[in-house]
2 protein chains.
Amino acid sequence: MTAPRRRTLHLNAFLMNAGHHDAAWRHPGSSPERVTDLRYFQELALTAERGLLDSVFLADGLALWGKARHNALGGFEPLTLLSAVAAVTQRIGLIATASTTFNEPYHLARKFASLDHISGGRAGWNIVTSGTADEARNFGREEHLEHRLRYERAAEFLEVATRLWDSWEDGAVVLDKERGVYADTGRIHPAAHRGEHFGVAGPLNVPRSPQGYPLLVQAGSSEDGREFAARYAEAVFTAQQTLADAQAFYQDVKSRAARYGRSGDDIVVLPGIAPVIGSTEAEAKALERELTELQVPEYGLAQLSGMLGVDLTGLPLDGPLPDLPEERDINGNKSRFTLVAELARREDLTLRELIARLGAGRGHRVYAGTPEQIADQLEEWFTGGAADGFNIMAPVLPTGLTDFVDHVVPELQRRGLFRTAYEGGTLREHYGLPRPANRYAGAAA
Amino acid sequence: MTAPRRRTLHLNAFLMNAGHHDAAWRHPGSSPERVTDLRYFQELALTAERGLLDSVFLADGLALWGKARHNALGGFEPLTLLSAVAAVTQRIGLIATASTTFNEPYHLARKFASLDHISGGRAGWNIVTSGTADEARNFGREEHLEHRLRYERAAEFLEVATRLWDSWEDGAVVLDKERGVYADTGRIHPAAHRGEHFGVAGPLNVPRSPQGYPLLVQAGSSEDGREFAARYAEAVFTAQQTLADAQAFYQDVKSRAARYGRSGDDIVVLPGIAPVIGSTEAEAKALERELTELQVPEYGLAQLSGMLGVDLTGLPLDGPLPDLPEERDINGNKSRFTLVAELARREDLTLRELIARLGAGRGHRVYAGTPEQIADQLEEWFTGGAADGFNIMAPVLPTGLTDFVDHVVPELQRRGLFRTAYEGGTLREHYGLPRPANRYAGAAA
């Protein structure tokens, strides 16, 4: 008899130009001059791979956020970048964000299948519906698609994409040179989809990839977002400020899965955390203060205005927040709006204090401490029913990721909470998730 | 006084799964089991780079051509593939095909800017308008967009894309950590485009790339295609069967350039050639016969039906072509239709003979001979006003490309017709073309 396998953490390195803190680019630990240097991102991925992390992840938006004056914004498109990162890494997963609102399923299904082949089964797709009018205006629309409609389109998008990924059965390529038969076309199926948002004949022009589908990741925590996650997502990124909120979210998403014939174990929940690491607690707090002092208030105010859907320009920084709209009137990121509004209310923060609190993680949890203290926090959430792992958001890159890999990972390994070697070859294997069966398998036999 | 620089050939390696011959995958010199193996394409690119070729190139279509039963079709998406090829090569240019009919300018402008950053200035875009209803049906349309409308959309697409590539001036990133200014937003410009086909606010979320724009390549040889090439293209791929036709095309495209304030020298004309290489002429002819004997007639007939817009299924292979429509009634690739129809008429070919003639190059010129004979042919066209270089279409890969690099390239170098070392670092430098000026440069000074 073998002992039941111990549950261990999953760790994803969320990469972001100079780092997640909005003042990271001004800090000597960052390299903002390298944000369009491929080798910089290759080095970050290799650091994460040296730390045996499950994956690296790139967020994405389809507009320049208008704030490049005060932050290191702009740079690579995630799918092209991750292909070039795949070429120099061996094991680490590669998760790219792409929008269902501004893409066509044929293109995206194909690109992710291609990345999955290129990387030998390490591709993941963070499915977003996009949240801003700035993005809509780059795609011929004046206003952003309404929140619920975005999720309806996303659901249809996933139906089509999974059909396309199944369109070649495994083994459809028979390569019979003698008879002149390359593929058994009885095992290549059309998509034959005609729906509200898309018409896609198929089949895809890429054979089924090593993982079947890329790992499906979702990050929306609104009501629509949770329902979408319960139905399709295999990993969920989420912003949670307190243990209690994280536990409630964890429980909620896992229990919703049953509605779609899935188990809670089919979904890996990964709250974000921005760890500010010091060799002493005082050193960590000093780094946190140093970054706060480097913040540009206009930038913080503009970011906050965007999150809250309220123009805060010109308001006194040491005064309170003005009255805010209700979540139902927000057509952007609803869950982030509510998180920020509650944080300000709960702790009675001034604008300046709120900007400081959001600087490192844009609403994600920030924790400054020693590697042991950070490991304590991760362990508490992991064993306390709040997380299956974490989305690690280094406040400053590359230094914050190197510190995490060199100091926090070994501490987690000592505690038996994290792998000491990669066991699988694909991203799904790292996350302990199965390769999806092909819907047509056996049907034509 | 320095002597005027001698004009030398430009050579592009057109890559294609198992090779350009439709029976290549059945030949022992090919590796059809590797068409979804990244290292296979990396090795092909490294072979081309060892031969000092200007670039590698991938064609593309947005549908599975329905003929995977008898040919090694399906595989990587070009942009993701070329990013991963960029990561292991140093100098060779990387040209990806992408359609203006089924893409949005914001996405494509961004991906090519990203590839150009990733590769250090080696990206090229082969601009196509797509030619088949199969593709339309993967993007919610029943019928294919009409030929002239496709070119109108393509022209507007280019207007928007070049605006987006110019949206960050060179030097817009000032990185003033002291003052907290990352980018001089006075040097980042909106696109502010509202046209017939697109509405794009801009700016792009990628800083200007090493080449400014990717190299702009075009391959349509119809009236609309030539006009588009004269206006926008910096390199033109073309299928020409005879020296006289190639000379006429060369002259025509170069002279049209003046209408758009350009010089003929701004456009590099590259006819395709499928060189069947043998150490003796007899060996080359034997390889050509061997490939013809491996052809699957149903496949050839289906390909020919597609090119001619006529269903040829069931017609006797040893009989003549049926009556054909006029070019004006063709809504696919008009110039290829005419080339094939004229070839059959001129040489009075049976269906079987025509399929054999089209097997290696799909209408591009095929020439079987020794390295010296092939060099003679290239030299004749190059010095005879028919070509500035060639699109090299190895009938069988990888062997046909290796043979070209090992035997034809040295012969061209001995004749002083080809470089003996890379002189430039970017694709534009290889082709002797300038980096485009930014339309906003100096305007805000």
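Buried area, the term I need first, is the accessible area, taken with a 1.4 Å probe, that two parts lose on being put together, summed over both. For chain B and chain A in this predicted model, that area is about 5,800 Å², and carbon and sulfur atoms give 58% of it. On the chain B side, Arg69(B), Lys177(B) and Tyr182(B) supply 12% of the area buried against chain A, which is more than any other three residues.

A word on conventions: local features need pLDDT of at least 70 and side-chain atom pairs count only at pLDDT 80 or more, while totals for chains, interfaces and linings use all residues. Residues are numbered from 1 along each chain as its sequence is written, chains are lettered from A in the order in which they are written, and side-chain values use heavy atoms, with hydrogens and water left out.

If we count contact as heavy atoms within 4.5 Å, then 70 residues from chain B and 70 residues from chain A take part.

Turning to charges, the interface holds 6 salt bridges, each being a side-chain nitrogen of Lys or Arg within 4 Å of a carboxyl oxygen of Asp or Glu. One of them joins Lys111(A) to Glu77(B), whose closest N and O atoms are 3.1 Å apart.
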